[in-house]
Amino acid sequence: MAKNKTHIILNTQELSIGYRSKKRTSIIADTINLELTKGELIGLVGANGIGKSTLIRTLSNIQQPLAGNIDLNGKPLTNYAGLELAKTMSLVLTEQLMSKNLSVFELIALGRQPYTNWVGNLTKTDIAIINKAIAQTHLSELKDRKSFELSDGQLQKVMIARALAQDTDLIILDEPTTHLDMYHKAYILKLLQQLTKDTNKTILFSSHEIDLAIQLCDTMIVMTKDKVVADSPCKLISKGIFNTLFPEDLIGFDDETGRFRVKKS
Amino acid sequence: MSLAIILLLCFLMNISLGSVSIPLKSIFNSIIGTSDNESWQYIVQNYRLPKAFTAILVGSGLGISGLLMQTLFRNPLAGPFVLGISSGASLGVALVILGSGLFGATFSALLISKWSIVIAASLGSFLVLLAVLLVSSKVRDTMAILIIGLMFGSITAAVVSVLSYFSSAEQLQQYIFWGFGSLGNLSWNELFIFFGIYCIGILLTIISIKALNTFLLGENYAKSLGLNIKQSRLIIILATSLLAGTITAFAGPIAFIGLAIPHITRQIFNTSNHKILLPAVALLGAVIMLICDSIAQLPTSDYTLPINAITSLIGAPVVVWLLVRQRKMVF
């Protein structure tokens, strides 16, 4: 399938990420060239401390890149005004909510903030979009619950619904599957896959669930010490990329099953 | 809605109670100026009415500024004075009252008029706040601003204790009396100035409602929703300082209301939505302040208890009771 230029939501050129302080600059990863296409589910994997979060934070404009460009819908990320960006990209972060005393509906409704008037009143259109987000994430029964009554898995769904209500081309999720059990990990990622199909939005998430990501993602971004590679899971397997993901002393990637196995010593 | 009716009732109760007992009917007549008893009319119009209005402004203003700070700092222990507003005012007043000994006796009599205390308190809180704002514009983290405010508070408290050490007993007494807080010393003219600044503070609060709700998600989410964090933070801090600063200047450092009212409101209304919380906090703050003031006057006696003590005596058990009853803090 030939990639049409207009269908690229986000791309980076020679992006270099890391932290800059007065004394020194620490580069975490560089020469990152990515292209995220419309309607795709993209999984970002890599070992602990390799810089997944830094990359997510940089792409979502929480942190500034050290060098290189990020273009969102063909326009440099730095040229976006706050509200304009809020209408193009929404986030699901790992940070705890400050107040858990909001109802599920209220919380999801906050996703409409970029569109509402100065006092934040919801119009009929807003409410319709919120209800659609609630239906797409199967939250109808929990609509009036308070957030502190929810389990981790339910809360994660609510945060995804909130991002959906923000109605953006791109949704970025930072480790949406942490603290969840095996079933809910699969459930959340499957839900994300379904959402890319239903809404044609582009969804990028970082995760440690490599085997699940291989099964569900259209594209995967693999971060290793030397480079950042993006391709379809099948091609990545045939290139043997997953074997370079971790130190080889303990676990190895099995091409047949698409899983990691503990090596027999 | 029912809160508004309660407020009206409390208002009537407040103006009908006092050291001189006046029948309810005469109170109404005195308000509209048709009373045949001139001294009653004078008491109601020039003493009780302004005091009741002051109580409403103080209660609602402190409640709102407490709510603003608790939301902004994501901290249930925050109150209107966390930014060093009250300690700044205390320092200003301490300098005027305690420091006046340094200028000689004749000059000090001139210095310790009521307006000089109001101006000193406003200037003090304004200057401390300005310092906090200047430092905070360099800091990204909201928590750091909270700690900076507390540090400024400690510094001013230290200066006040040094000043007290070198002061005479009379000066100390006067300073302590200011610290008790008082609602009853405002003339209509002063009340108008108070009201004017109060309105600006409320206006700034109202335009921040959307931002306050966004802050409930945390700062990174707020930013991703297109909120201009620095600007909203500045407006919220400015609103708080206007409200809490003028209240302290005119009525003294009244403790507890600012911290407790938002908690009581959240427990009763069980919501974090500021569109509901803000008016509720304002009404409840006014109601509780009126009740506290009615108790403080010790009806039909000549004594008046310090309002600052009453607010804590009444407020603290209420908060404890609510928390125990609900077994869970709603924040």
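This is a predicted model: local features need pLDDT of at least 70, side-chain atom pairs count only at pLDDT 80 or more; totals for chains, interfaces and linings use all residues.
Residues are numbered from 1 along each chain as its sequence is written, while chains are lettered from A and ligands numbered from 1 in the order in which they are written.

**Exercise 1.** Describe the overall make-up of chain A.

Step 1. Check the radius of gyration, taken over C-alpha atoms. Chain A gives 19 Å, close to the 18 Å from the globule rule for 265 residues, so chain A is as compact as a globular protein of that length. That rule is 2.2 Å times the number of residues to the power 0.38.

Step 2. Turn to burial: 42% of the 265 residues of chain A count as buried, meaning that 20 or more other C-beta atoms, placed from the backbone, lie within 10 Å of the residue's own.

**Exercise 2.** Find how chain A is divided into domains.

Step 1. Domain 1 covers 1–88 + 170–179 + 201–265, and domain 2 covers 95–167; the bounds come from an automatic or database domain assignment.

Step 2. The centres of these two domains of chain A, taken over C-alpha atoms, are 27 Å apart.

Step 3. Across the boundary, six residues of domain 1 of chain A are in contact with five of domain 2 of chain A (C-beta atoms, placed from the backbone, within 7 Å).

**Exercise 3.** Work out the strand order in the open sheet of four strands in chain A.

Step 1. The order is S2-S1-S4-S5, with antiparallel pairing; strands pair if DSSP finds at least two bridges between them.

Step 2. At the edges are S2 (25–37) and S5 (75–76) of chain A, each pairing on one side only.

Step 3. S1 (residues 8–20) of chain A is joined to S2(A) by nine bridges, and A:Ile8 stands opposite A:Thr37 in S2(A).

**Exercise 4.** Identify what chain A brings to its contact with chain B.

Step 1. Here 22 residues of chain A are in contact with 21 residues of chain B.

Step 2. Helix H2 (82–86) and strand S6 (89–92) of chain A each supply at least two residues of this side, and the largest share, four residues, comes from H2(A).

Key: Two residues are in contact if their C-beta atoms, placed from the backbone, lie within 7 Å. A residue is buried if 20 or more other C-beta atoms lie within 10 Å of its own, exposed if 12 or fewer, and partly exposed in between; C-beta atoms are placed from the backbone.
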